[in-house]
Amino acid sequence: MSRSSRLGLATGSAAILLALAYLAAGPAAAEQTGRPGVVVSFDGGISPRALPRHRSVPITLQLSGSVRGTEGAAPPQLQRIELAFGARGGLDTAGLPVCPRARLRNATRRQALDRCRGALVGRGEIAAEVPLNPADPVLARARLLAFNGVAGGRPMVWVHAYSASPPVSFVLPFHLRRVPSGAYGLLMRSPVRRALGRWPRLRSFSVTLGRRYRASGERHSYLSARCPLPPRFDALAVPMARATYFFAPRPTLIQPIRRRCRVVGG
């Protein structure tokens with residue numbers, strides 16, 4: 001098993017997974033926070049919504065967020081975004097094909113799928129604003145494809161975005177890193193400004209991650225989770241995830257999510 005596979009199974013991505021378990025109780029409205037001139041939101045969920053206490057099962061994860069200005073003004077440019085997840089889950093990439101980032105550069109959606117379909121782990125949408133005319137900025141909506149990747153021996157997620165009109169194609173790299181202590185076990189970080197360039201500004205995103213696949217005759221799930229509550233609890237609200245939005249030159253806005261973890265079966 002590769003180093004990236006071991007890291008996911010043992011920790012980091014494990015966080016992605018079980019953090020998901022914390023969404024088990026059901027949907028909730030997106031949480032928001034802000035400062036003068038900017039408001040951000042963050043939301044998430046998993047399927048299925050109820051999970052075993054002791055046994056991890058395959059899941060899919062949904063995440064969404066937005067950035068908006070206040071009082072009619074454009075918000076500052078987003079420098080980077082960090083998504084942290086709780087621990088006690090698993091990311092399994094054993095036997096899952098890896099997509100080199102170079103295959104996705106300047107690719108259409110069809111080309112990206114043709115080149116890296118075997119590494120596909122998610123889909124979604126993104127909206128970015130291009131202020132060519134500050135009084136009338138162009139809003140570009142693009143469909144997302146998420147692919148399993150590796151950089152420097154460490155696990156990555158390449159998020160490919162493409163829109164035919166206006167023509168937009170770019171790749172957001174998400175670095176996965178283990179968090180050794182605290183409420184969250186995995187950190188996903190993306191240098192948004194560097195990936196998008198000087199002008200486009202992220203306005204909203206939504207992505208669903210998850211995939212079941214077979215490798216070497218065995219069944220695998222990219223994401224898995226359980227609800228590890230003490231025996232006396234069948235449901236409890238716990239920290240699920242946290243989004244940190246870093247703007248240039250400021251501010252930095254942090255929005256955590258708490259969700260109920262609900263137990264079903266054993």
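Reader: Is Cys116 buried or exposed, and what is its relative accessible area?

Author: This is a predicted model, in which local features need pLDDT of at least 70 and side-chain atom pairs count only at pLDDT 80 or more, while totals for chains, interfaces and linings use all residues. Residues are numbered from 1 along each chain as its sequence is written, and side-chain values use heavy atoms, with hydrogens and water left out. Buried means under 20% relative accessible area, exposed over 50% and partly exposed in between (1.4 Å probe, protein chains only). Cys116 is therefore buried, its relative accessible area being 3%.

Reader: Which residue does a disulfide join to Cys116?

Author: A disulfide is a pair of cysteine sulfur atoms within 2.5 Å. For Cys116 the S to S distance is 2.0 Å.

Reader: What is the handedness of the disulfide of Cys99 and Cys116?

Author: The pair links distant parts of the chain, 17 residues apart, with Cys99 in the loop between β6 (89–91) and α3 and Cys116 in helix α3. Helices (H or I, at least four residues) and strands (E, at least two) are DSSP runs, numbered from the N terminus. The torsion about the S-S bond is about 65°, so the disulfide is right-handed.

Reader: Why do the buried residues of α3 lie on the same side of the helix?

Author: In α3 (residues 109–116), the buried residues are Arg109, Ala112, Leu113 and Cys116. They lie on the same side because the arc they cover around the axis, taken from the directions from the helix axis to the C-beta atoms, is only 95°. On the other side, the exposed residues are Arg110 and Asp114.

Reader: Where do Cys227 and Cys261 lie, and how many residues apart are they in sequence?

Author: Cys227 and Cys261 form a disulfide with sulfur atoms 1.8 Å apart. Cys227 is in the loop between β15 (223–225) and β16, and Cys261 is in strand β17 (residues 252–262), so the pair ties together parts whose separation in sequence is 34 residues.
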